[in-house]
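Here are my notes for you to read alongside the model. Take the points one at a time and find each residue as you go.

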Amino acid sequence: MQSLLSVKDLSIGFGKNEPTVDQVSFTVNAGETLALVGESGSGKTLSCRAILRILPSSAQIRSGQIVLNCRGNDIDLANLSERKLRGIRGDRVSMIFQEPMRSLSPLHRIGDQVSEVLKLHRDCSASDAKRQVLAEFEYVGLNDPERIYRAYPFELSGGMQQRAMIAMATVAKPELLIADEPTTALDMTTQAQVLGLLKNLQAESGMALILVTHDLGVVANMADQVVVMNKGRVMESGSADLVLGSPAHPYTKKLFTAAPVIPEFAQPAVQTEAADIILSLREVSKTYGSIQAVNGISLNVPRGKVMAIVGESGSGKSTCARIALGAESADPGGHVFFRESPEADAIDIQSLNPVQRCDFQRKAQMVFQDPHSSLSPRMQIVDALTEPLDIHSIGTAAERRDRAIELLEQVGLDPSMLRRYPHAFSGGQRQRLSIARALALRPLLLVCDEPTSALDVSVQAQILDLLEDIRDRLQLSYLFISHDLAVVARIADEVAVMRRGRIVEQAPPELLLANPRHPYTQALIAAHPEPDIHRPIDLDTVARGAGEPDTWPDAFRYTDGAAPPLKKYEANHLVRTHA
Amino acid sequence: MSILPDGRYIDDAPYDPDEEALQLDHPELDAPSWVLIWRRFKKHKLGLISGVFLLLSYLMLPFAGFIAPYTAKERDANHLYAPPQSISFMHEGKFVGPHVYKTIAAADLENFRWTYQQDESKPVPLEFFCAGGEYRLFGLFKTDRHLFCAPGDATIFLFGSDRLGRDVFSRILYGAQLSLTVGLIGICVSFFLGVGFGSLSGYFGGRIDWTIQRLIEILRSLPELPLWLALSAAVPSHWGPVAVFFMISFILGLLDWPGLARAVRSKFLSLREEDYVQAAEMMGATPSRIITRHMLPNFSSHLIASAMLSIPAMILGETALSFLGLGLRAPAVSWGVMLNDAQNLAAIEIYPWTAIPMIPIILVVLAFNFLGDGLRDSLDPYQT
């Protein structure tokens with residue numbers, strides 16, 4: 001059978017350097033989904049952009065063929081003239097990108113942007129184009145297409161923007177759609193819905209799809225064929241059930257062991273109530289202008305345990321983290337208590353004098369999300385690690401240096417790295433450095449704000465290992481913020497699920513995952529893509545819980561902004577419900 | 001490469017799943033950022049050439065008197081408005097070394113002007129390290145040695161002479177001493193004000209920010225030239241040239257800071273959001289420590305680039321003021337003062353060389369712009 005697109009021995013390089021993409025080959029058949037999987041720097045995005053030749057200006061295609069079978073004619077896209085290629089782009093082959101906000105022009109109405117494709121490639125009248133675009137909007141699940149047609153991108157949520165992008169890419173009925181990490185910037189529940197949409201579109205229109213992703217869970221849900229890439233080379237490729245069912249290459253195996261999975265708990269463990277609380281948030285609210293980011297949160301972090309807050313963007317979880325560290329003050333009426341040792345008196349972080357604050361800062365530190373921004377590029381590692389000691393005037397220069405070496409060893413790095421600069425390190429190494437810096441003052445409590453979400457999957461697992469390891473070795477307590485239930489299920493002793501500033505359900509992970517009561521929790525669990533083709537995403541459950549709180553089932557619905565109370569469902573298990 | 005029996009492709013190059021941990025990911029980025037900036041800047045050829053040109057120009061300043069064949073005030077009453085002369089090496093097909101020809105002035109009584117004729121029969125070889133007009137080397141040591149001069153009653157006016165018979169080339173060199181430094185002094189003033197107000201505005205925000213921003217907007221809305229004129233007119237006319245010079249630089253700096261203050265403020269705002277600044281805050285670092293240890297080092301290079309880009313405005317400002325007769329005044333020598341002579345069209349038409357000081361102005365302004373551009377492009381060495 002003639003395949004729709006075949007890429008053969010494609011090599012791409014920057015300047016005079018070694019090729020970044022090396023001898024990559026794959027084929028896509030009509031109506032099939034091919035997944036290009038790999039971590040950052042694997043060359044997956046370059047390979048798929050090479051198909052439409054939208055590469056960065058300094059990159060050149062060194063060798064290889066990209067043959068598109070177009071109604072029986074073979075066209076080599078790698079050597080096609082720019083003018084002819086323009087005829088292909090958007091018409092036969094179209095593309096969607098990772099950041100919907102950045103791929104839509106902010107100054108043009110959505111409808112105009114989408115119908116431009118038709119104006120360019122189809123000789124159709126304005127009214128005809130509008131009719132088609134409205135139909136396409138309806139089709140991609142945008143309610144009220146007329147309103148969307150007139151809207152500007154900023155008026156839409158991320159998920160709706162991505163749907164509009166998909167509409168733009170598919171309105172001309174292309175034969176091949178290239179989706180470059182189409183759901184990475186979206187929330188978990190939105191991701192599930194967009195993936196479902198792509199799958200439906202494909203089934204109905206019969207177009208082929210190249211899906212570029214780092215997430216094996218997404219692959220398992222979508223792909224027919226899989227190409228696993230690493231450092232510019234194809235490691236393994238073949239049909240999805242083979243590659244995912246029994247990975248043969250060590251790299252694929254490594255990816256699989258690292259992929260976050262929501263475990264299936266058979267027996268919910270019964271836990272005793274922990275009495276020794278190191279950090280306690282009481283009725284904490286935070287209002288920015290007219291927006292209530294956090295609404296009456298009460299949480300306890302037991303000593304030596306991990307309390308996790310899970311939620312999507314805008315749920316208020318990061319604000320909670322900042323309030324917990326005193327970096328931001330809560331609205332009057334809220335309190336944050338910190339108890340240094342079981343015997344000590346609790347202090348209220350909201351009302352500290354400068355001396356107490358300085359003291360508290362030594363006991364509680366933060367680990368940040370983005371390892372690329374958490375270390376000053378102008379400071380050597382040794383300076384970054386000794387800075388906290390310097391600020392609090394602890395030890396002599398030599399002692400600080402020794403402490404820095406000790407810290408590096410604690411996080412699994414080599415002391416020879418002391419004199420290096422942060423930009424020489426990979427994301428995972430930098431996250432280790434950032435953890436090492438947080439440990440410098442020998443804190444009792446670490447607030448981890450999405451410490452793994454900017455990292456590659458294989459590195460994610462290592463960082464979680466490290467966090468678990470130092471928790472046990474140094475008897476630390478964590479307040480752990482994440483959007484990913486699978487990550488949380490692994491490390492947390494207790495999980496609070498937040499939505500729109502409120503906790504909707506709270507329980508130890510075993511209880512929560514085995515017996516989720518709240519529709520939103522159920523949606524989050526269902527939306528998590530599992531790297532197993534036999535456990536597809538359950539879109540109905542996602543749809544039931546993912547919407548706004550006033551669309552939830554009666555027992556959980558907020559009416560006029562008033563939420564039902566957080567009730568005890570069983571021991572250690574709280575649910576926000578009327579029932 | 002191998003194909004498994006079930007039809008899938010496997011790469012069979014050796015692969016070690018545990019290699020990553022201790023390797024450096026980007027060994028090429030393991031250097032202080034000034035090294036990385038320099039590496040990148042080296043590739044910006046135009047910027048590099050401009051940098052070298054400017055460096056040489058500034059290094060030349062203390063030796064201007066030595067390089068110039070005449071002093072700034074030396075007059076040759078017999079050679080008013082003499083045209084540029086060239087230095088030749090060959091005379092009648094024979095090599096005689098660098099020499100000039102004597103020029104003979106003749107009065108053109110019809111047009112009431114001097115015409116100059118070169119006496120090409122006899123070459124006058126140039127003298128080197130010769131005695132000439134007295135000047136101060138580095139502004140300190142009195143000496144009369146010049147790099148080259150024409151012997152006897154021959155002249156060497158490379159760029160011609162002006163209305164009073166002074167050598168334009170020598171005066172350009174002397175003028176550079178003022179014209180090139182006025183920018184530096186001005187930029188110091190504007191740097192001081194700009195960084196000060198910008199960081200106040202960026203760090204504290206709120207009411208202070210509001211006040212400073214409105215002040216900047218008011219300053220920016222004033223028409224620049226009339227304001228300069230008004231301020232310069234306020235400089236007492238009995239002040240000496242040096243005092244006027246400092247005052248002019250100060251005025252230029254006083255009006256130039258808003259741009260820099262804005263750049264500093266916006267950089268401050270964006271750096272405040274960086275995690276490492278937040279981390280330092282959460283470690284308990286004081287605001288002054290955060291500013292000096294974390295924020296300033298990370299935008300000092302931006303400051304230098306924006307300073308480079310605003311020096312040309314200073315130089316042009318001085319030139320414009322002096323050209324209009326409101327900046328530096330004779331007997332001070334600056335490029336603007338020299339151009340003041342070229343103010344009327346008739347003079348330029350008949351004696352085009354009086355406008356030659358435009359050339360160094362253009363070159364220096366372009367060089368600063370190229371240098372600033374080059375620096376700006378190489379400022380972010382971590383981007384690929």
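1. Start with B:Leu366, which is partly exposed because its relative accessible area is 38% (buried means under 20% relative accessible area, exposed over 50%, and partly exposed in between, with a 1.4 Å probe and protein chains only). B:Leu366 sits in helix 12 of chain B; helices are DSSP runs of H or I with at least four residues, strands are runs of E with at least two, and both are numbered from the N terminus.

2. A quick word on the source: this is a predicted model, where local features need pLDDT of at least 70 and side-chain atom pairs count only at pLDDT 80 or more, while totals for chains, interfaces and linings use all residues. Residues are numbered from 1 along each chain as its sequence is written, chains are lettered from A and ligands numbered from 1 in the order in which they are written, and side-chain values use heavy atoms, leaving out hydrogens and water.

3. Now look at strand 6 (residues 93-96) of chain A. A:Val93 and A:Met95 point one way, A:Ser94 and A:Ile96 point the other way, and all are buried.

4. What does strand 6 of chain A pair with? Strand 7 (residues 176-180) of chain A runs parallel to it, and 4 bridges join them (two strands pair if DSSP finds at least two bridges between them). A:Val93 has A:Leu176 as its bridge partner in strand 7.

5. Next, salt bridges (a side-chain nitrogen of Lys or Arg within 4 Å of a carboxyl oxygen of Asp or Glu). A:Glu450 forms one with A:Lys317, with the closest N and O atoms 3.4 Å apart. A:Glu450 lies in the loop between strand 17 (445-449) and helix 17 (457-474) of chain A and A:Lys317 in helix 12 (residues 317-324) of chain A, so the pair ties together parts that are 133 residues apart in sequence. Both A:Glu450 and A:Lys317 are buried.

6. Finally, check out A:Asp390. One salt bridge links A:Asp390 to A:Arg400, with the closest N and O atoms 3.2 Å apart. B:Arg289 forms another with A:Asp390, at 3.0 Å between the closest N and O atoms. That pair crosses between chains, from helix 9 (residues 287-323) of chain B to helix 14 of chain A. Shared partners join A:Glu387, A:Asp390, A:Arg400 and B:Arg289 into one salt-bridge network.
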